[in-house]
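Reader: Hello! Could you walk me through this model, one question at a time?

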There are 2 protein chains.
Amino acid sequence: MVQELVLSNRPVDAHLHVRQGKMLELVAPITARYFSYAVIMPNTHPPICTPDSINSYRAEILRSTAGNPFKPLMTFKILSDFDSKLVPAMKEAGAIAGKVYPKGLTTNAEDGVSDFFALFPVFEAMQKAGLVLCLHGEMPGDEIEGLDRETAFLRTLYFIAKTFPYLKIVMEHITTEAAVDAILQLPANVAATITVHHLLLTYDDVGGDRMRVHNWCKPIAKRKRDRDALIEAAISGCPKFFFGSDSAPHPEEKKRSEECCAGCFTAPVCLPLLAEIFEQHNALPRLEQFVVRSAAIFYELSFPMPPHTPQLTLVKQPMVVPLKIEEVVPFWAGKEISWSIKKE
Amino acid sequence: MVQELVLSNRPVDAHLHVRQGKMLELVAPITARYFSYAVIMPNTHPPICTPDSINSYRAEILRSTAGNPFKPLMTFKILSDFDSKLVPAMKEAGAIAGKVYPKGLTTNAEDGVSDFFALFPVFEAMQKAGLVLCLHGEMPGDEIEGLDRETAFLRTLYFIAKTFPYLKIVMEHITTEAAVDAILQLPANVAATITVHHLLLTYDDVGGDRMRVHNWCKPIAKRKRDRDALIEAAISGCPKFFFGSDSAPHPEEKKRSEECCAGCFTAPVCLPLLAEIFEQHNALPRLEQFVVRSAAIFYELSFPMPPHTPQLTLVKQPMVVPLKIEEVVPFWAGKEISWSIKKE
């Protein structure tokens, strides 16, 4: 008998890059086919940081995902000169969160922030408006080394969380044991997303023992003990940790170039990979908590959405990841995953 | 007035990969043009591990470097089944050193060693024959992470050094503060080579903050404090630390591939880069110690070799590193170096 896992509602991707233009047309439908909601990252070029850009970006996504029971959850990018008076208008335009990128640390983050404290008026306004603050939790600056940036950011997370006790905060794509522990120590309004690739990779799969450009992402994967702590958090059932793929496609030539672009395109493989990982850790019964319920509670999402496609079934049947999806090499390309998504 | 630095003898590259066939014809003359001696690594395919292969590899190198005042110093690869009785024949064939590669850790090291103690009869024979033992000082094994392999190897270095007190040992291409300290604590017959790229890079230039395939080498570059310790050792004038480029060319497509090949092709740029680094640290007067004298003393080389071209002059005139040398992207491609080699 084939093993099946029925998710009673379609998953939520709490951290997704769908890019723009032709790339959006390629990647947004892949997520929309299987997910109910996705929190859409605003680091496009130019960034999503006005009510108008939220509306037009949402319209672009809805055009490409029409016919799917899928809702994009819009966010705006909090640049260092962001005017806190704009916050109510962002909410009016339907944004559910604002995202802070540290200066220079990831794709299109040249306009990012180096002084987080200068944004406190914005955080104050977001707390009042009931918007979620999403943080790329790495400290910028030449004096800090890449492997230390996330740990170096945790005090700043505490300063923000303790200053704005009613602000919902998500530390995105955490990669360290130290971050897991910090999230656990902070109250329920502070949560974290975890990607599927950080449950699989260590630094040695990226640029240590092996250099594989398609595994390179920000924050960079850390040590085995860090990966083990992330797995423990993901499979725990604790509502403070939920799935955000950070699926971040780049054309193959930008990954293989002299200087690689950061990001793993996990959207086509993340659910089968999660099923495989959760099964390996005897935690399949808690997969729905990680990929649906915890984010749904945190972001106050309603299910079923829409009512005619309430569920998704994962099935223990192997799939082989394609080597390429148009111009993009997906994460885990060419490898076999022991689970797949059941055809409706 | 243009600043010049006259090396009274041509430099010694105590660690060089010249590869085979067409690649050898491309890269060996580049080193032969400026260096007097180079210690030639034996990790070809098949490996250099018999007297015959030493003789034919030397002949191949001499064909490609004819007309230059250059002498290749031949080494043999110590495979895990190497018969210690062969050592005298290797010396007879002109080998000056044997090299141990840990299993699986670098180019063509699938046949490398995991049990260093099993080689003690070979080391005993080499001590007796007066051959140098060259070590790629990283500990193999899945239980060790890439960033820790060199530090994890240091106890093995001590075991070997204390068991064979008259064996000359070179720990190659050291990358950590811990290795610098270990070499300093061991007696004069234990030395280390340092590459130019490890004086410049940290892992943030390789796969941390930035992923640059042409910077990726083994052992991987470590932290800033490690790089600072290597610089301190290189400029110190201490004869236990000398230059070995580990120049390791790969065709561009093998660097940019899905899984990058390890190695930086530094032969065309290492001397100007070293002059720049030594000048930055007010250590130009000690450059000759690092690139000529220390290795010459350790390997008991004679100068001038040959007498008609005794010297090399570095001059403070900028050079721009070519983007490509035939099919190989050189280290520091496209960048300017403030020093160059004076045309004769």
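This is a predicted model: local features need pLDDT of at least 70, side-chain atom pairs count only at pLDDT 80 or more; totals for chains, interfaces and linings use all residues.

Reader: Over how many bridges do strand 2 and strand 3 of chain B pair?

Author: Strands (E, at least two residues) and helices (H or I, at least four) are DSSP runs numbered from the N terminus, and two strands pair if DSSP finds at least two bridges between them. Strand 3 of chain B covers residues 37-40, and its parallel pairing with strand 2 of chain B runs over three bridges.

Reader: Which strands stand at the edges of the sheet in chain B?

Author: The open sheet has eight strands in the order 2-3-4-5-6-7-8-9 in chain B, with parallel pairing. Two of them have a single partner strand each, so one side of each is left without a neighbour in the sheet: strand 2 (12-16) and strand 9 (241-243) of chain B.

Reader: At roughly what angle do the axes of helix 1 and helix 2 of chain B cross?

Author: Axes are lines fitted to C-alpha atoms, for helices over the stretch in contact (heavy atoms within 4.5 Å), and angles run from 0 to 180 degrees between N-to-C directions. Residues that meet include B:Leu24 in helix 1 and B:Ile61 in helix 2 of chain B. The axes of helix 1 (residues 21-32) and helix 2 (residues 51-65) of chain B come within 8 Å, and the crossing is at roughly 65 degrees.

Reader: Is A:Cys238 buried, partly exposed or exposed?

Author: A:Cys238 sits in the loop between helix 7 (224-235) and strand 9 (241-243) of chain A. Buried means under 20% relative accessible area and exposed over 50%, with partly exposed in between (1.4 Å probe, protein chains only). At 22% relative accessibility, A:Cys238 is therefore partly exposed.

Reader: What kind of axis relates the two copies?

Author: Copies are superposed by least squares on the C-alpha atoms of residues with pLDDT of at least 70 in both. A rotation of 180 degrees with 0.0 Å of shift along its axis brings chain A onto chain B (RMSD 0.0 Å). The copies are thus related as by a two-fold rotation axis.

Methods. Residues are numbered from 1 along each chain as its sequence is written. Chains are lettered from A and ligands numbered from 1 in the order in which they are written. Side-chain values use heavy atoms; hydrogens and water are left out.
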